[in-house]
Amino acid sequence: MGKSHSKNPVLTEPWRTINWDNNQDNLWFLNNYKPQLEGQTLRILLYGPAGAGKSSFINSVQSVLLGRPYSQALADNTGHDSFTTEYTTHKIQKVDGSLCSFVFNDIMGLSTHKGVLEEDVALALKGHIKEGYTFDQDTPLSEDSEFYNTSPSPNDKVQVLVCVIPADNISIMDDELLQKIRRIRLVATKLNIAQVTILTKIDALFPEIQRDVRNVYRFLEIKEKMLKVNAYVGIPMNCMFPVRNYHEEINMQMDFDTLILSAMKHIIQYGDDFLKFSQRRLKS
Ligand SMILES: Nc1nc2c(ncn2[C@@H]2O[C@H](COP(=O)(O)OP(=O)(O)OP(=O)(O)O)[C@@H](O)[C@H]2O)c(=O)[nH]1
Ligand SMILES: [Mg+2]
């Protein structure tokens, strides 16, 4: 037994059950999901601390869909400053070369003193930021900028806001950063946008998880970390999903796929509920 065992016992029965043999069904769901309205795309915006694994998550979803490691949203490990600085839409390809009906927006990471401004995240949620805008850490995007979209179409707006949090860092995330996350979440709540949290880097917490990600729900500490995020940020437990990103692997691993696919299925379903809700509101 490792040192972590005495402090963090491994449960015989996982505290949350997950079907590890359901990859084909979930993959089918991702490949075939279509919003009700013709031509609509589901837009998923990722935010969270710099270096949390936002870009790696996009790469991971693309890898799972292609069945091989893929790297389109550049990820980096150079330090605390955000590596992603530009507002970019990442379309996800299927094996046959066609595109999925959901897209990701990856934004600059949040940090305590610098990083993406909350005002800019709010503008992105409402669809006001044009592709290619480079985030300015001091001044929010102004209405007279060429990158300001004055009349966003339904496709420019965000339907799901995904908060990406590194599991190995929660206890050292300072109060100001958590407050920032909370405030962004409140803006999204006012806009009725669906919200999900992804807990990355679970492998960095325990060697048992690094060896076998199926152990993820056998650690009460993962649950405790999720409860902490729930208490700080207010996102319900059933909207929180631990994942192990592909970031250095040269081969695919079915169990990584399971966690990524399960998180994505929920993200899409929550986002689709939001789309249906807003369409009903438009009609009434
Ligand atoms: N161990 C482990 N490392 C990860 C995981 N996901 C990402 N990483 C590493 O974390 C570092 C940062 O990942 P990125 O995907 O660039 O993070 P980001 O949130 O896009 O960062 P910014 O663009 O700088 O805000 C990289 O070195 C990745 O290799 C994971 O699940 N486990
Ligand atoms: Mg990034």
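Helix H8 (residues 254-283) supplies the largest share of the lining of the second largest pocket, 6 residues. Helices (H or I, at least four residues) and strands (E, at least two) are DSSP runs, numbered from the N terminus. The model is predicted: local features need pLDDT of at least 70, side-chain atom pairs count only at pLDDT 80 or more, and totals for chains, interfaces and linings use all residues. Residues are numbered from 1 along each chain as its sequence is written.

The second largest pocket has a volume of about 370 Å³. Of its 16 lining residues, Pro 154, Lys 157, Phe 274, Ser 278 and Leu 282 are the closest to its centre. A pocket is an open set of points on a 1 Å grid where a 1.4 Å probe fits, with protein on both sides within 12 Å along at least five of seven lines; lining residues have an atom within 4 Å of a point. The lining divides by class as follows.

| Class | Lining residues |
|---|---|
| Nonpolar | 9 residues |
| Polar | 4 residues |

Helix H5 (residues 175-190) reaches 23 Å from its first C-alpha to its last, close to the 22 Å expected at 1.5 Å a residue. Buried residues (under 20% relative accessible area, 1.4 Å probe, protein chains only) in H5 include Leu 177, Ile 181, Ile 184 and Ala 188. Among the elements that the buried residues pack against are strand S1 (42-47) and helix H7 (220-233), with contact meaning heavy atoms within 4.5 Å.

Methods
Chains lettered and ligands numbered in written order. Heavy atoms only, no water. Points joined across faces, edges and corners; volume = space filled by probe spheres on them. Nonpolar A, V, L, I, M, F, W, Y, C, P; charged D, E, K, R; others polar. Expected span 1.5 Å × (residues − 1). Buried < 20%, exposed > 50% of the residue type's maximum accessible area, 1.4 Å probe, protein only.
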